[in-house]
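Have a look at the model first, then try each task before reading on.

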Amino acid sequence: ASARSLDDVPPFALVDERASAERLLASHELAAAVHDALGMLAESRRGVVRMYLAGYDRFEIADLLGWTEGKTRNLLYRGLEDLRGVLASRGITRKDA
């Protein structure tokens, strides 16, 4: 049999589909855990944290909600701390923490 080079192998054959499926499942499980944890936050903090996780910065959130930047910052930081606490109580922490 002749030797084959990587140039002869289709790119999709180099992907470990199990690892990709495991990562996808883990990301869905994490998203579900975050969604559940968000539901446990105080209502005043929940919306701000949701908007932040959706990609808005605190200045955009303040503008959209008609709040001061200080109020938004306080509710956001306290909400994120609460979210970390709920997730940590469920065994979900940052890898670098």
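This is a predicted model: local features need pLDDT of at least 70, side-chain atom pairs count only at pLDDT 80 or more; totals for chains, interfaces and linings use all residues.

**Exercise 1.** Work out where around the axis of H2 the buried residues Val48, Val49 and Met51 lie.

*Solution.* First, take helix H2, residues 43-53, where Val48, Val49 and Met51 are buried (under 20% relative accessible area; exposed is over 50% and partly exposed in between, with a 1.4 Å probe and protein chains only). Next, take the directions from the helix axis to the C-beta atoms, which define the arc. These residues cover an arc of only 160 degrees, so they sit on the same side of H2.

**Exercise 2.** Describe how H3 and H4 pack, and name the residues that make the contact.

*Solution.* Begin with the geometry: H3 (residues 58-65) and H4 (residues 69-89) pack at about 115 degrees, their axes 9 Å apart. Axes are lines fitted to C-alpha atoms over the stretch in contact, and angles run from 0 to 180 degrees between N-to-C directions. Then list the contact (heavy atoms within 4.5 Å): H3 gives Arg58, Phe59, Ile61 and Ala62, while H4 gives Glu69, Thr72, Arg73, Leu76 and Tyr77.

**Exercise 3.** Identify which helices are tied together by the salt bridge of arginine 45 with aspartate 82.

*Solution.* Check the distance first: the closest N and O atoms of arginine 45 and aspartate 82 are 2.5 Å apart. A salt bridge needs a side-chain nitrogen of Lys or Arg within 4 Å of a carboxyl oxygen of Asp or Glu. Now place the partners: arginine 45 is in H2 and aspartate 82 in H4, so the pair ties together parts 37 residues apart in sequence. Aspartate 82 is partly exposed, at 28% relative accessible area.

**Exercise 4.** Locate the salt bridge between glutamate 81 and arginine 84.

*Solution.* The N to O distance for glutamate 81 and arginine 84 is 3.2 Å. Both residues lie in H4, 3 residues apart, about one turn of the helix.

Technical notes:
Residues are numbered from 1 along each chain as its sequence is written. Side-chain values use heavy atoms; hydrogens and water are left out. Helices (H or I, at least four residues) and strands (E, at least two) are DSSP runs, numbered from the N terminus.
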